[in-house]
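Student: Hi! I have a new structure to look at, could you walk me through it?
Tutor: Happy to, here it is.
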Amino acid sequence: MVNIQIAPDPIQKITQMGDVTLYEPAGDQPFSERPRLPTGKYQSHSLAECITNVSTPMGKKPILKTMLTTACERDCYYCPFRAGRAKTRRMTITADDLAKAFLALQQGGAVDGLFLSSGIIKGSIPTQDKLLDAADIIRRKHHYRGYIHLKIMPGIEDAQLYRAMQLADRISVNLEAPTQERLNALAPKKHLERELLAMVHMAEQIRRAHPHEKLARTVTQFVVGAVGDTDLELLSLTNNLHRHLGLTRAYFSAFHPILQTPFENLAPTDALREFRLYQSSFLLRDYGWEVEDLPFGQGGNLPTDVDPKKAWAEAHLREQPVDLQTADRAQLLRVPSIGPKGAEAILKARRQGKLAALADLCKLGIAAPERAAPYILLDGKRPAWQERLF
Ligand code: SF4
């Protein structure tokens, strides 16, 4: 009997590869991208699981999130694709087939955007070339103008990085850990300064050298909590990168142990820690906070049971509330429940008249003014409010 095997079409290949980027957020609201799956579950295989609704700078979009290959020659301890892990089904798709699958899905209305990553085979440079080829086919041959988010392989050439920044809207340079010592414990073949931070530096130099060109923004990701990394280490590094090297955002991925990896018996990291890191990074990036303003405990971690902004307000504003009629923008941004939009709305509204009651804040779009109430003065007085007991 002749055993005829029909090669799967490109969309089948993507489907067979499965939800390989499950733990890699791609958009502006990483918490909403995926429900968390139980420990060890990985590589489920349906097309729906390869498509995620992602908040992009162009609005919320269904994005195809996938990899060119799930084979990898490196052996990062936490990763399901690490070399030698027998449980991982290795699949590879060519750049051409990936582009075909993406375009078929995009033209059929199933997706509008691509997040593309890859395991490393034969080194970073050839692997990055394949990622660039896929993006190039989609952009140049097929004139796709929508959202592309490309992974940057460690230690690639400057010209490859520049090309990636021309083709993509976002590039991910995943640092994984905040120090070389932590990285050694997570991913022994990666070098933080030489292979990873060098990419973030170079991306910013490229942006500065080409100020009129539309180039991708840089994001990064950390694996949180597997090897003793502290919130202070993570937030100090991301704050520096935001301020000096054009980092748009950091993703904090709470560590999940994967079966048949050296970390399979480690405890997962509390998702609340991840959430507090996001809250804190936004305070640093968007609210003008300094790292020292955050309520780190002695071990360098944030308390998980309290919102960092509320913790600061409790320590500093209970006795000295912010007068909403006279406070400057920076002072307004210290108040729980008042964000950049709320602060602007207050500054504008008070030119027209007094803000006298919490209801006036509601009208300005401040969603939960009762959370601001203990820390503010309205019309020179503490507003009437009922403290929640439970
Ligand atoms: S290089 Fe990437 S894909 Fe390969 S083992 Fe490390 S994290 Fe996994």
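Student: How do the residues of the shell around the ligand divide into nonpolar, polar and charged?
Tutor: The shell has six nonpolar residues, one polar and three charged. Ala, Val, Leu, Ile, Met, Phe, Trp, Tyr, Cys and Pro count as nonpolar, Asp, Glu, Lys and Arg as charged, and the others, Gly among them, as polar.
Student: Which residues surround the ligand?
Tutor: Among them are C72, R74, D75 and G119; near means that the C-beta atom, placed from the backbone, lies within 6 Å. Residues are numbered from 1 along each chain as its sequence is written. This is a predicted model, where local features need pLDDT of at least 70, side-chain atom pairs count only at pLDDT 80 or more, and totals for chains, interfaces and linings use all residues.
Student: OK, what is the average pLDDT of the chain?
Tutor: The average is 91, and 92% of the residues score at least 70. pLDDT is the predictor's confidence in each residue, from 0 to 100.
Student: Where does pLDDT stay under 50?
Tutor: Over residues 36-41.
Student: New topic: which domains does the assignment give?
Tutor: Domain 1 covers 10-269 and domain 2 covers 317-377, with bounds from an automatic or database domain assignment. Their C-alpha centres lie 39 Å apart.
Student: And what is the strand order in the open sheet?
Tutor: The seven strands run 1-2-3-4-5-6-7, with mixed pairing. Strands (E, at least two residues) are DSSP runs, numbered from the N terminus, and two pair if DSSP finds at least two bridges between them.
Student: Which strands stand at the edges?
Tutor: Strand 1 (51-56) and strand 7 (247-254) each have a single partner strand, so one side of each lacks a neighbour in the sheet.

Terms used:
Helices (H or I, at least four residues) and strands (E, at least two) are DSSP runs, numbered from the N terminus. Two residues are in contact if their C-beta atoms, placed from the backbone, lie within 7 Å.
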